[in-house]
Amino acid sequence: MTKQKAAAGRDAFQSPWGFRLACVGSAVGMGNIWLFPARVSRYGGATFLIPYILFVVLIASTGVIGEMAFGRATGGGPMAAFGTAARRRTGRRDWGEALGLIPVVGSLALAIGYSVVVGWLLKYTVGAFTGAVLANEGVAGFDAYFSAAASAWGNTGWQAAAMVVTLLVMAFGIGGGIEKVNKVLMPVFFILFLVLAIYIAGLPGAAEGYRYIFVLRPKELLDPMVWVYALGQAFFSLSIAGNGTLIYGSYLSKDEDVPASARTVAFFDTLAALLAALVIIPAMATAGETLDKSGPGLMFIFLPNLFKTMPGGTVIMMVFFVAALFAGFTSLVNLFEAPTATLQEKLHLSRRQAVAVIGAMGLAVGLSIQGIVSGWMDICSIYACPVGALLAGVFFFWVYGREDCLEQVNLARQKPLGPWFYPLAKYGFCGVTVLVLILGTVVKGGIG
């Protein structure tokens, strides 16, 4: 297939599936693995899935479509997109570009924090193959092993190595680097998790985990926190922040169906989360335990301790951390893309120069925040993501204009979206984003 054309003079994805897999790679991350299974376990099993899927459908059919179409329409990152919308409405683009800097900085901050996590994943992946991880004994041993990695300057070499690989991929561009890597890593990720799910299904006690996942308890739907956390999980899992999805959309051909791409991303992101639940919850059940932990503690302490006690635990741990590393790596590449593209647009740097500048900045700050990364990521998720998503929604659905918005969304579609789309996106999605921001600030620990 010949290379597609995005905006004039810009790199582009080479195929529709290359773009979709890259977007899936940006969406599938640690939230699918260390948060979704815990929330399914805590908030009613299959009951949690009802509001979660409802919110995924709402956000994917409005916000995800909007960010993809906005990026493609304006042929640039958040600053270029917001500036274009502002100029069309008021004749001036400076105020739009100023606001567009917010999701760019948010993306860079998230990437810096995420680079620490990917460093942990690289260390555990290598350690799973060398035996260094399994050499620990009990929860206390794994806790000490992880605490050493998560301490200030305790992850330096691994984090630097992860950053080098990330920057090398980005230096090769969109079609030659990011697309090719996602075409390999994303299918392998799903295959590896499917293999784990099949293996764990055959272990004694796994059936108890499946009963928990798929049994519906309607009374749980009356608990408002089920809906709050389902909303947070859906929102943050779909990578809506006014940066990553928007910038990938700017590299998309005018001949591609954006709503179809959004559906694909939502489907595979949900599938990734379900596969993680089908691995982790039954695995806990085989040991007679319930899943009451989430976050890094689940990933790097409790699961390795559990894997060590399981038949074939060494292989299980290898497969698990390779798959998790792939998910983390593709998300990290996406997060660094918006600030990299912004440097290219505003300072007219070459691709490799922009990658080098962002990489040096990201590594310097990332190494300095190793010991406080949890608080750093909490601030980014509570504020940066919903604010960026809200700004992108307002600029595309309110400022850009109804007719132009619908024209961009329906490009290359045989059948335009129904009359439901624009009011649902303009009021429903933007309203949900405000709700996410409010809830994130009032609920202890955030909702994503």
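**Exercise 1.** Which residues lie nearest the centre of the largest pocket?

*Solution.* Start with the ground rules: this is a predicted model, where local features need pLDDT of at least 70, side-chain atom pairs count only at pLDDT 80 or more, and totals for chains, interfaces and linings use all residues. Residues are numbered from 1 along each chain as its sequence is written, and side-chain values use heavy atoms, leaving out hydrogens and water.

Next, go to the middle of the pocket: Gly31, Trp34, Leu35, Ser381 and Gly448 lie nearest its centre, out of 50 lining residues. (A pocket is an open set of points on a 1 Å grid over the protein atoms alone, where a 1.4 Å probe fits, with protein on both sides within 12 Å along at least five of seven lines; lining residues have an atom within 4 Å of a point.)

**Exercise 2.** Find what gives the most to that lining.

*Solution.* Look at α2, which gives eight residues, the most of any. (Helices are DSSP runs of H or I, at least four residues, numbered from the N terminus.)

**Exercise 3.** How confident is the predictor, on average, over the chain?

*Solution.* Take pLDDT, the confidence in each residue from 0 to 100. The chain averages 91, and 97% of the residues score at least 70.

Key: Helix = DSSP H or I, 4+ residues; strand = E, 2+ residues; numbered from the N terminus.
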